[in-house]
Amino acid sequence: MKTIKVQIKLTSEKENYLELKDIPGNNDSITIRQKKGEYLFQAGCKKMQDQINFKNTSTGDEYSVLWLTEEVVSYLMLDENLKSETLCLNAVIDKQLKKIELGPILGIFISKNKIDKLCNDNWDSIYWRFQKWSKEVNGLCYFFTLNDIDFSNKKVTGYHFDSNKKWVKNEYPLPRVIYDRCFGKDGRKDSYRLRKLVQQQANKMIVYNQAVKIKKKETLKHLYNYEDTKNHLPEFADYTDEKFEELLNKYGSIYLKPDSLYKARGIVQVIRKNNGYNLKYRESGDVDRNKTIHYKRFDSLIRKLEKELHLEDYLIQRDIQLASIWGNKFDIRVMLQKVSPYKWEVNGINCRIAPVNSIITSPRSGGKVMAIESVLKFAFPGREEELINLIEKVSKCIGSNLEKGFGYLGNIGVDLGIDTEGNVWLIEVNGKPLKVSFHRMKDRALTKRINKSPIISGLSLTGFDVTDDKSFIHPEKQDKFLFKEISHGSYEPHLFLNTEQLDYFGYSIGDEINLVAGVSKEIIKIKRQKVDDTFNNLYINASVFNGLNLPHNSILNLVALSYNELIFGPTVAMTVSEGTMDAIKNNEDIDLNKTAEFAREKGIVFYCFKPENVNLEENIIESCFYNHSNKRWEDGAFNEPQVLYDQATYPLNPEKRPVAKEVNRRLRMNHEMQVINSKRYFGKLNTFEALNFFKDIRDNMPKTYYLTPESLKKAVEKHGSVFVKSNYGSFGWGVIQVKKEEERLICRTGGSKVSTKEFRYYDMLFNFLREELGEGAIIQREVKLGQINNRKFDLRVLIQKNISSKWEISAVSFRIAPIEGIVTNVAVGGDEIIVSPGEKLPFKFLTWESISELSLKLVLALEASFGNLGEVGLDIGVGPKGKLWFFEANSKPDTGGYYEYLTESSLRKSLGLPLDYSKNLAYNMLKI
């Protein structure tokens, strides 16, 4: 029994026949020396007998061609798919049973409400990607509701997005495997009905998860039967008044949880106090606060619970004393999934951080989300690896044990808690997990993994092998190859290899493979070359260079290889403003020249473009790339990059800002493209809300207010001197000092040139500030700053991720204000001292340890609100005795001129870390 890739075509002849493509180097390629005969054709649950003939061919592309008669195509319900687009599937050929099965075919069960929305021209990028991932393994998936199934005729009236991204209706064969994604008001009811109907069919069909809802009580009672999970269950019981009183007296704090509700609804906490009892719960419709009611008597508490809750449906669970990070408690969400049909994998772990004093950690109830490694680094330093291994082990045991009671499971969410001692406890299991907390992290590779895995698992359950046979090479171990052009008489695309390369890649002369560079792919033939025996030089002809859209003499890393594919990358593109582009073309931007040189050394194709020069319809970006031969920037047109490095800023150009914003939005709709920063700008208002979420970080934040007439008067009267800042100001623009001197309100702004205005009344002052700074401005208490040479200063900390996605400080700029200056920015006359980690600091009360500790806290806290980041500039004030104060964060920190201050090795770090991080980003996306 063999599996081959086939393109299905409709024949006008009266018999079916299969043109078998012989693929050199592919052990799965087959040759059938057999006369025509009667075979059983199958697609999903549809089966029919018909004659077929076989012949072998070495022409065409990588697919064999299965020519089917109109009768067979129509019966197998593939005719509508052939009309709309090219249909490529896998064919499992069993010569002994004389059977050909086409697939894999996966049906995705969704709600009628979702279908109706998509029929009204709505869009769902996840569904589009479900189809894309299915096609990548030569599979077919479609979407349907309960009313779309015709079990008697083994067919489904389903839906899919066509190549124009239009939601269209087609008829499909009834699938043998169904992925249940039916959410919404009637989703659970329809899911139960689906399973009941499936059980009544003679066809063997799988719906996953087999259990519609895994309730809290049955989960805990079932897992209590197994030693490897029993010890991770906090004490629990069905609700009775007597048991409630017993456990409350025993533990002092317990939770009451409804068995059937989800999304943290209906959960209450009861805490025993010396003078009575506190009842805590989330107020309905309020995502920011808990409600606490105190009862002096136990019977009063019971009457309240009986009035508000259906206690017969509740369970009692001991309160876990959850560990905390920076004053906020957290729990853990594990995404436990299968890629191969019968092996559990932990595809994602995150920490859900509760608001201060909240009983709920869910991001839907005001919580934040952080990566597990980041949280454990602070909560349990030195125990990160130990605890992650324990979390994974416990989660897999839970998944395996649940299957013994609930049938086949392929995708569950496991909620765990870690107590203050590092013990791991089960909170609950979600049988149809939403991925909200993972999506909030804005980690594109993680999002792809947790959404793609259930699709690959479902396709695998049909019996087809859809595993990826590529070998991926970690970014730190990748070899770099120089792509050179070789003159060759033929226009046919070729890759020319020397003997050592042929042995290393495992190819033979004449093999056809896919050559991938960045996002471009060419099908090429292997030829031998004897002119250059250098291992790291690869020769291709002009047609391949044109097809891959690469600059000549590009250097790229080998990321992955297989019997029929070589993958090189990454490609990284930086957005720049018009002024920066002019400087590039005049060869005046030394920092970008250095960046381009470092990129080449790291095996990265790097280019720059203005946002307005993007043709999204044709996927072409008019760019500039650095020609390393003549040391000049040249124009070129390239495809979208694998990694977007957005650095274009237009602080004083309101016309260009919306253009850049829209181009970025549309570029980021390509979910395969990675980005250095998931957030383009940090508004000051949102930044302070994000950091104020964490109790312990508040001590490093000056008192901050939203600008209103009332808050302005309050702040100035209380503090005497404040700064009022525009929400999105840059380079020192949009910062105004307001100070009360006797009966006058004095406004000052600027660096070496200070402008002053006076007001007598707060309403006049407010109107001025609103006009100057716009909506969303903030007021910040003025902090007394330390001084260098009798001039106040602050810090710009450049913190970036490295090739392992770990944060590193690469440089710290001491920005020294002019005498009497209001702001410290160099752009308005300030001076600058730039130091690298480990160098002597020019202020005796500062240490590298204090800068590093606060900086790491701040960027991790920013990621908890804004998602994945790779480069941040932190503006930090320093008090006279070294106390650190957070002022603002910059998603596009300006490193212009760093080459004047830093050593070559330090410059390589500050300019090179984002490039290293890009290699990691591209690798993580490709290997899924």
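Helices (H or I, at least four residues) and strands (E, at least two) are taken here as DSSP runs, numbered from the N terminus. The structure is a predicted model, in which local features need pLDDT of at least 70 and side-chain atom pairs count only at pLDDT 80 or more, whereas totals for chains, interfaces and linings use all residues. Residues are numbered from 1 along each chain as its sequence is written, and side-chain values use heavy atoms, with hydrogens and water left out.

Two strands are said to pair if DSSP finds at least two bridges between them. By this criterion a closed barrel of 7 strands is found in the order β1-β5-β2-β4-β3-β7-β6, with mixed pairing. Neighbouring strands of this sheet are turned by 40° against each other on average, direction ignored, where axes are lines fitted to C-alpha atoms (for helices over the stretch in contact) and angles run from 0 to 180 degrees between N-to-C directions.

A cis peptide bond, with omega of about 0°, joins G103 to P104, the latter lying in the loop between β7 (99–103) and β8 (105–109). A cis peptide bond is also present between G569 and P570, again with omega of about 0°, and P570 is located in the loop between β34 (565–569) and β35 (571–575).

Helix α9 (residues 298–308) has F298, L301, I302 and L305 as its buried residues, buried meaning under 20% relative accessible area, exposed over 50% and partly exposed in between (1.4 Å probe, protein chains only). Seen down the axis of α9, these buried residues fall within an arc of 100°, so they line one face of the helix; the arc is that of the directions from the helix axis to the C-beta atoms. On the other side of α9, R303 and K307 are exposed. The buried residues of α9 pack against α8 (241–251) and against strands β16 (253–258), β17 (268–273), β18 (276–282) and β19 (290–295), contact meaning heavy atoms within 4.5 Å.

Helices α19 (residues 684–692) and α22 (residues 848–866) pack with their axes 9 Å apart and at an angle of about 105°, which makes α19 roughly perpendicular to α22. Angles under 35 degrees count as roughly parallel, over 145 as roughly antiparallel, 65 to 115 as roughly perpendicular and the rest as oblique. In this contact N686, T687, A690 and L691 of α19 meet L858, A861, L862, S865 and F866 of α22.

V643, in strand β40 (residues 643–646), counts as buried at 0% relative accessibility. Not counting residues up to four places away in sequence, V643 touches T571, V572, A573, Q674, I676, S918, L921 and A922.

Strands β44 (residues 735–741) and β45 (residues 744–750) pair in the antiparallel sense over 5 bridges, with K739 opposite I746 of β45. These two strands form a hairpin with 2 residues between them, and E742 in the turn has a positive phi of about 55°. Strand β45 also pairs in the antiparallel sense with β46 (residues 754–759), over 6 bridges, and a hairpin of 3 connecting residues joins the two; the bridge partner of T749 in β46 is S755.

Positive phi values are also found at N790, near 65°, and at E820, about 70°. N790, in the loop between β48 (787–788) and β49 (791–801), is exposed, with a relative accessible area of 69%. E820, in the loop between β50 (807–816) and β51 (831–835), likewise counts as exposed, at 67% relative accessibility.
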